[in-house]
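Let's take a walk through a protein chain together. Have the sequence and the 3D view open, and look up each spot as we reach it.

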Amino acid sequence: MATKIPVTVITGFLGSGKTSLIRHLLQNNQGRRIAVIVNEFGELGIDGELLKSCQICPEDGEGDTNIFELTNGCLCCTVQEEFYPTMQELIKRRDSIDCILIETSGLALPKPLVKAFRWQEIRNAATVDAVITVVDCAAVAAGTFASDPEAIAAQRQADDNLEHETPLQELFEDQLACADLVVLNKIDLVDGETKARVEELIKQELPRVVKIVESDCSQIDASILLGFQAAVEDNLDSRPSHHDTEEDHNHDEEITSTNLILDRTFDPEKLQQQLEILVQEQEIYRIKGFVAVPNKSMRLVMQGVGSRFDKFYDRPWKPEESRQTRLVFIGRDLKSSEIESQLVAL
């Protein structure tokens, strides 16, 4: 029997650096033939586009692509409908694939996805080599996605009505509990004392001894991330989840995404200033997309996590593509019309 294809699941909250990590792996693949499955929360395939622009994988129309995009659905909820057919297609090409990377959406639970590798049609051909959880050090330090455990206990004692953590807190804990390795990313944004505090908080959430590696821009060597041979699907009992006793699980229905496509250019600085205002006015967790800039032949990538933004030019615009500005907003109870009207007015 042919060797099973090793699959690495990359999980982590919105904006933690998962796409950057995979992009780095593709650009420094050390000869490995890597296929990628990207799951996004929202209809626009921003992350898939970023990976295709790494100039390693063939673009559409240049033969079989190694980038598979699953959009507008959370992979932990659509395993059978979305994931299974894609894995079947990759299994047919197993002789030309050395490993598979799966980037889950920032709102996905990793455990339901790993359980799919117990299905007979998949387990005979593929195995989960490891689950890598990427954590935004600066965001956790700011208390954006993780609360202090002692503070939660104190609040519960003071308020009889406070019975559960927030859905985002549970998600953060589930992503850590399933990890074989934690990448503590964006450490360049905090001082040493803050980084040590975040590491201690993460260790409290890990049910097993799991290594934590540090990164400032998801620049991790492939030899650290690949080759665990953990066969995660066979030892899920050691990876507890808040949803283990549930037949099904629900996401916070108020967390939604909205997309904006505009046939116009923007000044990057003015656009960022307006996006920062929107983040203050609405509960926006993540902004990502591409921006058309006046008199620039390159496509600008704009990304925001909370009030933090970064931007870079990833590749030239293609002659046949429209120079549109395409942005995805992910947050709670988003007011799409207000987002659009404020950006259109720029």
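## A walk through the model

At 24% relative accessibility, P112 counts as partly exposed; that label covers the range between buried (under 20% relative accessible area) and exposed (over 50%), using a 1.4 Å probe and protein chains only. You'll find P112 in helix α4, residues 110-115. Helices here are DSSP runs of H or I with at least four residues, strands are runs of E with at least two, and both are numbered from the N terminus. P112 and S241 are 129 residues apart in sequence, yet their C-alpha atoms are 10.0 Å apart in space.

A quick word on where this comes from: the model is predicted, so local features need pLDDT of at least 70 and side-chain atom pairs count only at pLDDT 80 or more, while totals for chains, interfaces and linings use all residues. Residues are numbered from 1 along each chain as its sequence is written, and side-chain values use heavy atoms, with hydrogens and water left out.

Now zoom out. The protein has 12 helices and 12 strands, and buried residues make up 55% of its 346 residues. Take the contacts (heavy atoms within 4.5 Å) with a separation of 6 or more: 80% of them join residues 24 or more positions apart.

Is α1 (residues 18-27) largely enclosed or open? Eight of its 10 residues are buried, so the rest of the structure largely encloses α1. Helix α9 (residues 192-205) has 14 residues and reaches 20 Å from its first C-alpha to its last, close to the 20 Å expected at 1.5 Å a residue; the expected span is 1.5 Å times one less than the number of residues. The buried residues of α9 are T194, K195, V198, E199, L201, I202 and E205. Seen down the axis, they fall within an arc of 160°, so they line one face of α9. That arc is taken from the directions from the helix axis to the C-beta atoms.

E121 belongs to helix α5, residues 120-123, and is partly exposed at 45% relative accessible area. Leaving out residues up to four places away in sequence, E121 touches Y84, Q88 and I91.

A charge counts as over a ring if NZ of Lys or CZ of Arg is within 6 Å of the ring centre and within 35 degrees of the ring normal.

| Charged residue | Ring | Distance from ring centre |
|---|---|---|
| R264 | F266 | 3.9 Å |
| R299 | F290 | 3.7 Å |

A231, though, has a positive phi near 45°, and it lies in the loop between α10 (222-225) and β8 (255-262). N295 has a positive phi of about 60° and sits in the loop between β9 (283-291) and β10 (298-305). N295 is exposed, at 85% relative accessibility.
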